[in-house]
Amino acid sequence: MAFYEVYSHPASIRYKTSVCTKATLFLGIVLCLTYIPPLLVAYRSQGFWVKRSTYEEQPVVRFQYQVLIIAATSTSGDYVAWSTFPNFNNMQGTNLRIPSISVREEDQNQDGKLDRLKFRLDLPLRPDEQVYSIQLLLTFSYQLFRMSTVVMQTLALVQHSSSVPGSQLFISGDLRLQQRTPLPHRGLHTAYNVSVIDGASPFASAYDLANVIGSYQDRNLTTFLSCPSPVWTVGRAAGTPFQINAEIRYPVEVVRYPLLCVCVYIEKTYENKPFSLFVLDAA
């Protein structure tokens with residue numbers, strides 16, 4: 001059977017719109033959500049799949065006003081000593097010398113964090129005594145806050161010896177942080193917020209510098225005094241004290257920390273249809 005075209009009419013349909021519409025706004029939001037959140041995640045996590053990274057922070061350091069000094073006054077083992085610990089001083093007998101001390105901490109850039117300690121100690125001596133070596137121990141409170149919160153007590157050891165008796169020791173150095181293991185990137189860590197020296201102990205072993213430093217170095221987190229060029233001045237006049245001048249700076253530190261990404265597999269249901277979701281979490 002043959003078919004005949006009875007009627008035909010062409011139709012032209014045109015859709016017009018302006019640029020400022022809800023559809024354009026929706027498209028812009030979708031594009032922003034497509035590119036901006038991944039960039040923010042990458043910036044906040046310091047990059048993707050990073051296992052270990054570093055950051056810079058200036059610590060909050062305070063001098064604890066705990067001092068222990070031992071000065072050798074001869075090459076045959078004679079010495080004088082003093083500390084801020086009464087039990088240690090009671091053990092010294094005639095070797096005890098009470099010095100005069102002046103301390104000043106400075107905030108040079110006015111940012112609310114101390115930058116430097118100026119320490120001076122004048123050790124009185126008898127006219128027949130000379131100083132051949134010095135061992136000086138200072139303690140500090142040390143805190144970090146940027147990622148993990150670290151609160152601990154640390155020390156700085158100053159020691160110098162010479163075959164020629166001296167009248168003055170000048171040191172200028174930095175109190176540096178030493179890490180054996182990376183710090184966690186979050187949490188509170190106060191395991192080392194204990195006194196470096198047990199000032200309540202009546203035993204001499206508690207004040208022996210070899211025991212103190214040995215126990216201190218067993219820690220994973222310590223500080224040390226970086227002083228490349230101590231200045232030893234000779235020629236002390238009779239009756240004048242031996243003088244120690246120290247400038248200890250608290251510099252910005254580079255802190256190491258680990259970053260572990262944990263991939264979590266989650267099964268969900270949306271509109272009665274199952275789907276899988278992977279979530280990355282920094283542990």
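Predicted model: local features only at pLDDT ≥ 70, side-chain atom pairs only at ≥ 80, totals over all residues.

Trainee: Why is Tyr65 called exposed?

Mentor: Exposed means over 50% relative accessible area. Tyr65 has a relative accessible area of 52%, so the label exposed applies. As for its place, Tyr65 lies in strand S2, residues 60–72.

Trainee: What is the phi of Tyr65?

Mentor: Phi of Tyr65 is near 60°, and this positive value belongs to a residue other than glycine.

Trainee: Then what makes Gln110 exposed?

Mentor: The relative accessible area of Gln110 is 65%, so Gln110 is exposed. Gln110 sits in the loop between strand S4 (100–106) and strand S5 (116–123). Its phi is near 55°, again positive in a residue other than glycine.

Trainee: How do you know that S1 and S12 pair?

Mentor: Two strands pair if there are at least two bridges between them. Strand S12 (residues 253–258) is joined to S1 by 6 bridges, so the two pair. They run antiparallel, and Ser53 stands opposite Tyr257 in S12.

Trainee: Which residues form the covered face of S1?

Mentor: Ser53, Tyr55 and Glu57 do, while Arg52, Thr54 and Glu56 form the uncovered one.

Trainee: And where does the name "transmembrane region" come from?

Mentor: From UniProt, where an unreviewed entry lists residues 23–43 under that name. In the model this span is 100% helix and 0% strand, and its end C-alpha atoms lie 30 Å apart.

Key: Residues numbered from 1 in each chain as written. Heavy atoms only, no water. UniProt positions renumbered as here; feature names shortened; annotations may be inferred. Helix = DSSP H or I, 4+ residues; strand = E, 2+ residues; numbered from the N terminus. Buried < 20%, exposed > 50% of the residue type's maximum accessible area, 1.4 Å probe, protein only.
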